Amino acid sequence: AADVGTDHGLLAAALALSGRCERVVGVDVSEEALRMGAFRLQQRLSIPNLDIRLGEGMNELNVGEAEAVCIAGMGVHTIMEILTAKKDDDLLLDKLECKRLVLQPTISKPRRLTQLYDCLHDLGWGVSDERIAYLSSRWYISAMFERSETAIHTVPGSRLASLNEDKTSETLQQWAAHHYRWIQDDKVKTGIVDDEDRRWLQEFETLARDAQ
């Protein structure tokens with residue numbers, strides 16, 4: 001696995017120590033962040049299957065080196081810039097031959113997340129799993145994408161909505177209600193509803209209203 005934007009290195013170290021990954025590469029563009037975080041952590045714990053590198057996006061990864069690429073703790077646009085970066089006119093994402101993407105943006109607004117999901121769909125990736133969490137007064141959706149020639153357009157939360165698990169359902173309802181109110185407030189301010197928000201409302205408006 002590769003943790004792009006590893007910063008403090010906690011995710012990369014946890015993956016390396018979990019026994020689930022033969023090797024983990026953590027990459028970050030900030031030398032200072034690595035020096036204060038991941039490099040220091042690697043030195044203290046001496047994790048043999050953890051490799052920390054300084055570099056931008058996925059540029060420091062080698063072909064076939066990471067079956068899964070994780071990107072967490074970044075904004076949607078930064079994540080999309082990393083995923084659409086090219087090398088020699090080819091997408092780095094395609095050249096690296098990774099099979100899975102695990103993404104957790106810092107923003108949970110349907111409009112922004114839908115843009116990310118659309119971007120991945122256009123690149124030939126489909127959602128295979130989702131998780132939702134509410135921590136420190138903030139919502140987080142983590143999504144796993146896999147390469148798919150038959151991927152359909154989905155909106156954030158669609159995969160979760162199909163699971164029908166009681167706990168997930170309750171959390172999903174709360175998330176939907178929160179963002180439904182946000183969209184309505186934004187509509188009052190601007191007088192419009194963006195296309196991405198409209199698509200999300202088509203699937204979640206009933207659930208959101210029922211949860212209020």
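A cavity is a set of points, on a 1 Å grid over the protein atoms alone, where a 1.4 Å probe fits but cannot get out. Grid points are joined across faces, edges and corners, and a volume is the space filled by probe spheres set on the points. The largest cavity here holds about 40 Å³ of space.

Keep the source in mind. This is a predicted model, in which local features need pLDDT of at least 70 and side-chain atom pairs count only at pLDDT 80 or more, while totals for chains, interfaces and linings use all residues. Residues are numbered from 1 along each chain as its sequence is written, and side-chain values use heavy atoms, with hydrogens and water left out.

Back to the cavity. The structure holds 1 cavity of 30 Å³ or more. Lining residues are those with an atom within 4 Å of a point. For the largest cavity they are Y117, H121, W125, G126, V127, F145, I152, H153 and T154. Helix 6 (110-122) and strand 8 each give two or more residues to this lining. Helices (H or I, at least four residues) and strands (E, at least two) are DSSP runs, numbered from the N terminus. Strand 8 gives the most, with 3 residues. What classes of residue make up the lining of the largest cavity? It has 5 nonpolar, 4 polar and no charged residues. In this scheme Ala, Val, Leu, Ile, Met, Phe, Trp, Tyr, Cys and Pro count as nonpolar, Asp, Glu, Lys and Arg as charged, and the others, Gly among them, as polar.

Now turn to the pockets. A pocket is an open set of points with protein on both sides within 12 Å along at least five of seven lines. The largest pocket has about 980 Å³ of space. It is lined by 33 residues, and the closest to its centre are L11, L15, A68, C70 and V102. The lining of the largest pocket has 13 nonpolar, 8 polar and 12 charged residues.

The second largest pocket has a volume of about 250 Å³. Its lining counts 15 residues, with V29, E56, G57, T78 and I82 the closest to the centre. Strand 2 (24-28) and helix 4 (76-83) give two or more residues to it. Helix 4 gives the most, with 3 residues. By class, this lining has 7 nonpolar, 5 polar and 3 charged residues.

V69 sits in strand 4. V69 is buried, at 1% relative accessibility. Buried means under 20% relative accessible area, exposed over 50%, and partly exposed in between (1.4 Å probe, protein chains only). Contact means heavy atoms within 4.5 Å. Not counting residues up to four places away in sequence, V69 touches A2, V4, M58, L61, C98, R100, L101 and V102.

E65 lies in the loop between strand 3 (50-54) and strand 4. E65 is buried too, with a relative accessible area of 16%. Its side chain and that of R23 are joined by a polar contact of 3.1 Å. A polar contact is a pair of N or O atoms within 3.5 Å; within protein, one must be able to donate a hydrogen and the other to accept it, and residues adjacent in sequence count only if both atoms are side-chain atoms. Beyond four places in sequence, E65 is in contact with R23, V25, R53 and E60.

Helix 6 holds D118. D118 is buried, with a relative accessible area of 15%. Which side chain makes a polar contact with the side chain of D118? It is that of R199, at 2.8 Å. Leaving aside residues up to four places away in sequence, D118 touches H153 and R199.

Last come the aromatic rings. A pair of aromatic rings is described by the distance of the centres and the angle of the planes. Rings of Phe, Tyr and Trp (its six-membered ring) pair if their centres lie within 6.5 Å; planes under 30 degrees apart count as stacked, over 60 as edge-to-face and the rest as tilted. The whole structure has 5 aromatic pairs. The rings of W175 and F204 have centres 5.8 Å apart and planes at 90°, so this pair is edge-to-face. The pair links distant parts of the chain, with W175 in helix 8 (residues 166-190) and F204 in helix 9 (residues 195-211), 29 residues apart. Both are buried. The rings of W200 and F204 have centres 5.2 Å apart and planes at 20°, so that pair is stacked. W175, W200 and F204 form one aromatic cluster.
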